[in-house]
Amino acid sequence: MTGAALLAAFTAAAPAQATESGREVLNALARARLAEEAGDPRAALTALTDVASRAPGLPGLRGRILEQAMQGGDLAAARSAAMQLWTSGERRFDARLVLTVDAVRRSDWRAARTFAGVDGDKTGGDPMTRLLLPVIGAWIEVGARGKLPERPLLAAGARGRPEPAFILEAALVQLAAKRTADAVALADATMLTDRTSQLVALRLAATLDAAGEGEAAKRLRGRIALATGGREDPLLLLSDRPVSTARGGIAHWLALLADGFARAPVGNSRLPLMIARSAWWLDDSDPTVRSALVEALDRDGQREAALALLADDRGAPLPALAMRKAELLADAGDLGAATTLAEAAAAQAPASRSLLVRFADIARRSDDGAAAERAYARLEADLGDSEEDRALHATILIARADLLLQKGEWDEAQPMLDRAVALRPGDPTILNFAGYSALERRRNIDASLAQIEAAWKAEPQNPSITDSLGWAYVLTGRIAEALPLLEAAQRGEPENPVIVEHLGDAYWQAGQRFSARYVWRAAALIADADMATRLEAKLRDGLTPATMAP
């Protein structure tokens, strides 16, 4: 039940002439709702706790207290609300999770089995059962010293075929149960098919090392694609830590799930936060757990809380966590400190290309071209002649050329653009950037147009490339061909002010003056300061050579 629904429920039950106590409840509910909307779960929890002291039977109240307690990280409040929901017969996923975590923390394996539902329904009808129960059940059995603790994992999955991540997790469970030979056999026989299975494999390799099975660990690491080449996963620098206890095992699995949910482009921000909080309550020393909670907090709009979590370094921070802190500082507007921290983080892991790329991105956001150039120079120095390295080299050249173009240094930038195209002659993004950069400066019109046409032929659905081709046609006087392209680009990215301005200019040149002014007004709503000044002049005087889009 939402905060608004709680207010409505109480208002329906308490008429306007309510008692003083009723008015205090309404005020507390209003405070809770405002705090929720402001993204302040701790304040919301305080207000809801006040409501509970005055109107404990209000429908939906305990569920809201539980949700805000989990968002705010208050385990005691979450445990209390979850227990009240449980005793009332409401078996909610979040309540079961909190109570299971609390029981595991206390090594109360009987209670953990009960709350997790290990001995209950196995139909797979809810997220707890499908994603968590096999792992939680197996690790609970490790804690309880049960026989064959890996059995829930190996029995999971459709038609008796468990996911590779579950099989590898079973190997971790076998190592914790001191059955090393069985664990090695499972590790050797399991295919790594997705990100989760590869991340579990990294933990399994570290645990095999700790168990004295270095050769098995080496074989497993050799099959982890995330650990090779330039495709570095965000968790790659955090995963090299053994897992040997029930608390650690459940925490690491919850962290992997939470991280995946938090990085998904769509979805409920509360689910990853709920799972990440649970992982944190089990093992707050695990860097992957910390990283997952940071991502979940940021996804939930709690950037300050995420930064506070990263400020508690507990020793030298890992480079990946330091880089994430730098990115959050940049998001908060502290660009100078972000660039300094990012460069230091990249220096701590000199072999990490992804950290150098992220450092360069932060430096560019800070308008620190010199720092970005240092990052690009370090990246280039490490490149070979593989296809992957050629692609990265071309991207770096484009980025370096862009820095020069921002300073108006076309003659210095052009050789870099040419080299990038030579390295990746069929890459539509590089062709488009090189062609449009020249076109924007009215250089090499015919050659630039040919590059953009080749890019559009490769990716006709790309709004940015479609806009480039349409604008190229405008500049070469082919207005009739330009209009449908620019209209399609505007439909694809209606909030891109550059595309919208281009369309307005094309309408004007086609004699569609009303449409041009309509589109320019739309562009003015989303334009930066320079574009807004140019659009204001166009709306006043019409299109002139001086006010035409660049």
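I began with Thr207 and found that, leaving aside residues up to four places away in sequence, Thr207 touches Leu172, Leu175, Arg241, Pro242 and Val243, where contact means heavy atoms within 4.5 Å. The model is predicted, with local features needing pLDDT of at least 70 and side-chain atom pairs counting only at pLDDT 80 or more, while totals for chains, interfaces and linings use all residues. Residues are numbered from 1 along each chain as its sequence is written, and side-chain values use heavy atoms, with hydrogens and water left out.

I placed Thr207 in helix H12, taking helices as DSSP runs (H or I, at least four residues) numbered from the N terminus. Thr207 counts as buried at 6% relative accessibility; buried means under 20% relative accessible area, exposed over 50%, and partly exposed in between, with a 1.4 Å probe and protein chains only.

Next I looked up helix H13 (residues 214-221), in which Ala216, Ala217 and Leu220 are buried. Seen down the axis of H13, these buried residues fall within an arc of 100°, so they line one face of the helix; the arc is that of the directions from the helix axis to the C-beta atoms. On the other side of H13 I noted Glu215 and Lys218 as exposed. The cover over the buried residues of H13 includes helix H11 (180-189) and helix H12 (195-210).

I then turned to helix H14 (residues 246-263) and helix H16 (residues 287-299), which pack at an angle of about 30° with their axes 8 Å apart. The axes are lines fitted to C-alpha atoms over the stretch in contact, and angles run from 0 to 180 degrees between N-to-C directions. That makes H14 roughly parallel to H16, a term for angles under 35 degrees. By class, the contact of H14 with H16 has 9 nonpolar, 2 polar and 4 charged residues, with Ala, Val, Leu, Ile, Met, Phe, Trp, Tyr, Cys and Pro counted as nonpolar, Asp, Glu, Lys and Arg as charged, and the others, Gly among them, as polar.

Last, I checked backbone angles. Most residues other than glycine have a negative phi. Arg145, although not a glycine, has a positive phi of about 60°; I found Arg145 in the loop between helix H8 (127-143) and helix H9 (151-154), exposed with a relative accessible area of 77%. Asn444, also not a glycine, has a positive phi of about 50° and lies in the loop between helix H24 (428-440) and helix H25 (445-458), where I noted Asn444 as partly exposed at 43% relative accessibility.

Conventions
Helices (H or I, at least four residues) and strands (E, at least two) are DSSP runs, numbered from the N terminus. Angles under 35 degrees count as roughly parallel, over 145 as roughly antiparallel, 65 to 115 as roughly perpendicular and the rest as oblique.
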